[in-house]
Amino acid sequence: MGYVKGNKTLASDIAQEVFVKVWKSLEEFREESTISTWIYRITVNTCLLELRKKKYIQPYQEYDLLPETQETSHPNKEKQLKKMYQCIAKLSKGNQAIILLELEGLPQKEISEIIGISHEAVRVRVHRIKSSLTKCVKNDSI
């Protein structure tokens with residue numbers, strides 16, 4: 001959802017494409033990493049390919065379609081969540097991938113395997129990205 005800025009239809013299409021790619025490539029899996037890392041890498045690559053292919057840009061007003069939950073039903077929290085996704089969209093593609101995987105709860109060691117950089121570099125980047133996002137959400141600049 002982060003890569004497509006909340007567009008549920010496009011996210012579903014990409015998810016379906018990822019499942020097809022995983023199914024077709026399963027025999028090629030070399031077990032050099034965990035299967036979940038391999039699938040995440042396919043997912044990230046598919047998302048980035050889709051964004052490059054369509055030069056995808058979506059107006060942020062469509063975030064109003066976010067489902068209301070107990071956590072997001074508060075108007076201020078919804079506004080902060082929308083702002084956070086706007087700020088994430090301003091990051092480089094590499095940093096977007098890192099923070100979106102971090103937000104999904106993936107361990108930083110797995111993120112380092114997926115992205116292809118050291119665990120220490122991921123730790124430093126996550127810290128810097130979080131600081132940058134915090135400033136952006138509070139001050140509207142990144």
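Which residue takes a positive phi just after α5? Glycine 116 does, with a value of about 90°.

## Model and confidence

This is a predicted model, in which local features need pLDDT of at least 70, side-chain atom pairs count only at pLDDT 80 or more, and totals for chains, interfaces and linings use all residues. Residues are numbered from 1 along each chain as its sequence is written, and side-chain values use heavy atoms, with hydrogens and water left out.

The mean pLDDT of the chain (the predictor's confidence in each residue, from 0 to 100) is 79, and 82% of the residues score at least 70.

## Overall architecture

The chain contains six helices and zero strands, in the order α-α-α-α-α-α along the sequence. Helices (H or I, at least four residues) and strands (E, at least two) are DSSP runs, numbered from the N terminus. Of the contacts with a separation of 6 or more, 59% are between residues 24 or more positions apart.

Buried residues account for 35% of the 142 residues in the chain; buried means under 20% relative accessible area, exposed over 50%, and partly exposed in between (1.4 Å probe, protein chains only). The chain exposes about 9,400 Å², of which carbon and sulfur atoms supply 53%. Accessible areas come from the Shrake-Rupley method with a 1.4 Å probe, and for residues only the protein chains shown count as cover.

## Buried helices and the turns after them

Helix α4 (residues 93–103) is largely enclosed by the rest of the structure, because eight of its 11 residues are buried. The buried residues are Asn95, Gln96, Ala97, Ile98, Ile99, Leu100, Leu101 and Glu102. Just after α4, glycine 105 takes a positive phi of about 90°.

In helix α5 (residues 108–115), the residues Glu110, Ile111, Ser112 and Ile114 are buried. In helix α1 (residues 8–25), leucine 10 is buried at a relative accessible area of 10%. Leucine 10 and cysteine 47 are 37 residues apart in sequence, with a C-alpha to C-alpha distance of 9.9 Å.

## Aromatic pair, surface patch and loop

The structure holds one aromatic pair. Phenylalanine 29 and tryptophan 38 form this tilted pair, at 5.0 Å centre to centre and 45° between the planes. Rings of Phe, Tyr and Trp (its six-membered ring) pair if their centres lie within 6.5 Å; planes under 30 degrees apart count as stacked, over 60 as edge-to-face and the rest as tilted. Phenylalanine 29 is buried at 17% relative accessibility, and tryptophan 38 is buried at 17%.

A nonpolar surface patch is formed by Trp23, Leu26, Ile35 and Ile39, with about 420 Å² of accessible area together. Patches are made of residues with over 30% relative accessible area and no salt bridge; like charges are joined within 9 Å, and nonpolar side chains (Val, Leu, Ile, Met, Phe, Trp, Tyr) within 5 Å. Isoleucine 35 lies in helix α2 (residues 35–54) and is partly exposed at 41% relative accessibility. In the loop between α1 and α2, glutamate 31 has a positive phi of about 60° although it is not a glycine. Glutamate 31 is exposed, at 65% relative accessibility.

## Salt bridges

The structure holds four salt bridges, each defined as a side-chain nitrogen of Lys or Arg within 4 Å of a carboxyl oxygen of Asp or Glu. One of them joins lysine 130 to glutamate 102, with the closest N and O atoms 3.6 Å apart. This pair links distant parts of the chain, with lysine 130 in helix α6 and glutamate 102 in helix α4, 28 residues apart. Lysine 130 is partly exposed at 42%, whereas glutamate 102 is buried at 18%.

Glutamate 17 forms a salt bridge with lysine 21, the closest N and O atoms lying 3.6 Å apart. Both residues belong to helix α1, four residues apart, about one turn of the helix. In helix α6, glutamate 120 and arginine 123 are separated by about one helical turn because they are three residues apart, and their side chains meet in a salt bridge (3.2 Å, N to O).

Methods
Contact = heavy atoms within 4.5 Å.
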